[in-house]
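Work through the following exercises with the coordinates open, and try each task before reading its solution.

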Amino acid sequence: MNLKHLLFAGGALLGATAAQAGGFQLTLAGQKNNGMGGVGTGLALDQAAMFYNPGALAMVRERGVQIGVNATLARQAFRAQYGGTERQLDNTVSTPFNFYAGFGPTEGKWKAGIGVYTPFGSRLDYNDNWEGRTSLTSIDLKSIFVQPTVSYALTDQLSVGAGLVVFAAGSVNLQRDIQDPAQGSIELDGKADTKFGWNAGVYFKPSDKFSLGISHRSKMDAVVSGGDVIISGVNASLANRFAARKFDVTLPLPATTTIGFGLMPTEKLTLGFDVNYATWSRYQELVFTFDAPINGQTVSRSRREYQDALTFRLGGQYQVTDALTVRLGGAFDETPVKDGFVTPETPDNDRLTATAGVSYKFGERFGIDVSAQYVNIAKRSQTQEDLLNNGVANDRVAGTYKTVAVVPGFGLNYNF
């Protein structure tokens with residue numbers, strides 16, 4: 001087995017961790033925002049402002065607690081370059097969640113809060129005997145981030161805020177087959193180390209009709225130390241070539257900067273527009289270190305050569321009655337993955353997203369939020385010639401990928 005096949009699947013380990021764009025990643029940090037195309041940097045909608053723009057939290061009128069959960073129902077297909085059966089992934093569901101609690105004096109200048117959210121998490125299961133089975137057969141990825149936040153209103157129009165971003169918990173399990181003559185399978189199972197970053201923002205609302213926000217989320221390294229390498233079913237005569245039992249890997253995650261605008265043409269209508277820039281170019285290669293050789297190697301490198309990417313989001317909400325608010329939105333994400341570098345764990349391309357949502361308030365304190373997203377990732381093809389020209393033919397699969405996802409979400413909120 002070429003060790004690069006192990007690296008290839010290993011990119012799934014943490015490869016979709018960015019909170020904004022790129023990889024198989026959906027932005028699902030706030031239920032109201034989900035229904036508005038994911039906008040939020042230039043708005044102060046609710047307690048989820050601490051994720052989108054900590055500076056806006058001080059301008060959120062209510063103190064409150066809110067919780068939301070989403071179900072990502074993804075469907076992915078692959079067809080090899082030279083034809084054959086179209087391979088469909090088994091149906092998979094992951095359930096990203098978010099929780100926020102915001103506190104502070106009713107008429108005061110400051111607000112504080114805590115957020116707990118899952119900016120990434122996915123599960124993919126390829127069918128048996130698919131062409132890339134020596135690279136990946138399944139992946140189960142989970143994470144939990146925690147963010148304490150403080151925000152302060154410098155004036156009635158200008159506020160600032162910052163949060164400590166804690167990668168509190170993460171785990172991965174990925175599997176793939178070993179190619180002949182060794183046969184068998186390899187499983188990587190590990191937990192991510194706790195890491196720290198930060199999120200800061202400024203919010204400015206010069207009038208009742210317009211608002212502006214800028215936020216920045218720091219870069220962060222996601223690290224798995226001492227993960228387990230589980231090898232099974234290998235031919236006995238070749239078992240000594242697969243001696244590794246532990247692995248370490250570090251993935252550089254991008255910094256993201258977002259500018260957001262809010263327009264309020266009437267008291268009932270709110271519009272938002274966000275532009276996000278993610279510095280994915282810091283992810284140029286993936287390096288694995290093993291405690292013992294796999295096919296004679298203890299260290300191997302896989303080229304990624306990601307490039308920086310932009311995301312554009314547009315959304316709006318309309319208050320139909322005192323209790324009922326409806327939302328619509330959309331987004332366009334540029335892929336950070338260059339042509340000829342597509343991998344099965346993140347068969348990414350430019351994507352279009354359509355969203356809708358509705359909220360209903362039961363009295364002054366309690367409400368529910370419902371959202372839905374449809375994500376269409378453009379078809380992506382790469383040929384064997386592309387892979388050879390890029391020098392990655394040993395750890396990529398030539399063919400065409402197509403992915404779509406439907407993401408319903410539901411949330412509860414209580415103001416006090």
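**Exercise 1.** Which residues does Asp-369 touch, not counting residues up to four places away in sequence?

*Solution.* The model is a predicted one, in which local features need pLDDT of at least 70 and side-chain atom pairs count only at pLDDT 80 or more, while totals for chains, interfaces and linings use all residues. Residues are numbered from 1 along each chain as its sequence is written, and side-chain values use heavy atoms, with hydrogens and water left out.

Begin by placing Asp-369 in strand 22, residues 366-382, where helices (H or I, at least four residues) and strands (E, at least two) are DSSP runs numbered from the N terminus. Then apply the contact criterion, heavy atoms within 4.5 Å, which returns Gln-31, Lys-32, Arg-327, Val-358, Ser-359, Gly-409, Phe-410, Gly-411 and Asn-413. Finally, check the accessibility: Asp-369 is buried because its relative accessible area is 5%, given that buried means under 20%, exposed over 50% and partly exposed in between (1.4 Å probe, protein chains only).

**Exercise 2.** Find the residue with which Lys-32 forms a salt bridge, and say which network the pair belongs to.

*Solution.* A salt bridge is a side-chain nitrogen of Lys or Arg within 4 Å of a carboxyl oxygen of Asp or Glu, and by this rule the count comes to 10. Lys-32 pairs with Asp-46, their closest N and O atoms being 3.4 Å apart. Since Lys-32 lies in helix 2 (residues 31-34) and Asp-46 in the loop between helix 2 and helix 3 (49-52), the pair ties together parts that are 14 residues apart in sequence. Both Lys-32 and Asp-46 are buried. Salt bridges that share partners then join Lys-32, Asp-46 and Asp-369 into one network.
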